Amino acid sequence: MKKYELTANFKIHLGKKLYQIKALVAFGSIEAGELGGYIEKEENLDQSGDAWVSGDAWVYGDARVSGDARVYGDARVYGDARVYGDARVSKSTHLLQIGAIGSRNGFTTFFKSKSNNIMVSCGCFLGTIAKFEAAVTAKHAGTKHAKTYFAAIELAKLQIELEA
């Protein structure tokens, strides 16, 4: 059963149509009939779980929001970004995606967690930024990949706002 649908309301961004969503059933703190934020396609927001996009937030491209994650306010989530678990993204400065980098030439996503920490999703790794630093050191010490990942870590620490 679907929990939301795309409405006829839309915005155009970089030639892409972003549709406002509407809840079809009540789930989590969302009421049936409640209007949400904007997504490009159903693949951007999981139909299961309590994941939701609200306010003037946009999710597009190959980005995906799932689990109990919330994207709201003026946040913009796009590219290959993945927001899931207990993540709460309310501003674009709560999320940073960098790629293609590292040994996989993939995308690494840094995001503010509900508990006000910086979390990292990179390949099969999901954990705190401190644990990511340790994993990079253990696997890539002294390599170009370590230098690239550490530069990304420093940028994430500067960019992601942990205050309200």
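## Close-up views of a predicted model

**View 1. Ser66 is a buried residue in a loop.** With a relative accessibility of 17%, Ser66 counts as buried, because buried means under 20% relative accessible area. Please keep in mind, here and in the views that follow, that this is a predicted model. To find Ser66, look in the loop that runs between strand E6 (64-65) and strand E7 (70-71). Which residues does Ser66 contact once its neighbours within four places in sequence are left aside? They are Asp46, Ala51, Val83, Tyr84 and Gly85.

**View 2. Leu24 is a partly exposed residue in another loop.** Leu24 sits between strand E2 (16-23) and strand E3 (35-39). Its relative accessible area is 37%, so Leu24 is described as partly exposed. Setting aside residues up to four places away in sequence, Leu24 touches Lys2, Lys3, Tyr4, Glu5 and Ala32.

**View 3. Gln20 is a buried residue of strand E2.** Is Gln20 buried or exposed? Its relative accessibility is 11%, so Gln20 counts as buried. Gln20 belongs to strand E2, and the loop holding Leu24 comes between E2 and strand E3. Apart from residues up to four places away in sequence, Gln20 touches Glu5, Leu6, Thr7 and Asn9, along with Leu35, Gly36, Gly37 and Tyr38. Among these, Leu35, Gly36, Gly37 and Tyr38 fall within the 35-39 range of strand E3.

**View 4. Helices H1 and H2 run roughly antiparallel.** Two packed helices can be described by the angle between their axes and the distance between those axes. Here, helix H1 covers residues 129-140 and helix H2 covers residues 144-159. Their axes come within 9 Å and cross at roughly 170 degrees. Because angles over 145 degrees count as roughly antiparallel, H1 is roughly antiparallel to H2. On the H1 side, the contact is made by Ile129, Phe132, Glu133, Val136, Thr137 and His140. On the H2 side, look for His145, Ala146, Tyr149, Phe150, Ile153, Glu154, Ala156 and Lys157. Sorted by type, the residues of this contact divide into 8 nonpolar, 3 polar and 3 charged.

**View 5. Cys122 and Cys124 have sulfurs too far from each other for a bond.** A disulfide is a covalent bond between the sulfur atoms of two cysteines. How many disulfides does a search of the whole structure find? The search finds 0. The cysteine sulfur closest to that of Cys122 is in Cys124, at 8.5 Å, which is too far for a bond because a disulfide needs sulfur atoms within 2.5 Å. The surroundings of these two residues are worth a look as well. Cys122 is buried, at 8% relative accessible area, whereas Cys124 counts as exposed, at 86% relative accessibility.

View 6. Stepping back, the chain contains 2 helices and 14 strands. Its radius of gyration is 16 Å, close to the 15 Å that the globule rule gives for 164 residues, so the chain is as compact as a globular protein of that length. Along the principal axes, its C-alpha atoms fill a box of roughly 55 × 35 × 30 Å. Of the 164 residues, 43% count as buried. Among contacts with a separation of 6 or more, 27% link residues 24 or more positions apart.

Definitions and conventions
Residues are numbered from 1 along each chain as its sequence is written. This is a predicted model: local features need pLDDT of at least 70, side-chain atom pairs count only at pLDDT 80 or more; totals for chains, interfaces and linings use all residues. Side-chain values use heavy atoms; hydrogens and water are left out. Axes are lines fitted to C-alpha atoms, for helices over the stretch in contact, and angles run from 0 to 180 degrees between N-to-C directions. Helices (H or I, at least four residues) and strands (E, at least two) are DSSP runs, numbered from the N terminus. Angles under 35 degrees count as roughly parallel, over 145 as roughly antiparallel, 65 to 115 as roughly perpendicular and the rest as oblique. Contact means heavy atoms within 4.5 Å. Ala, Val, Leu, Ile, Met, Phe, Trp, Tyr, Cys and Pro count as nonpolar, Asp, Glu, Lys and Arg as charged, and the others, Gly among them, as polar. Buried means under 20% relative accessible area, exposed over 50%, partly exposed in between (1.4 Å probe, protein chains only). The radius of gyration is taken over C-alpha atoms; the globule rule is 2.2 Å times the number of residues to the power 0.38.
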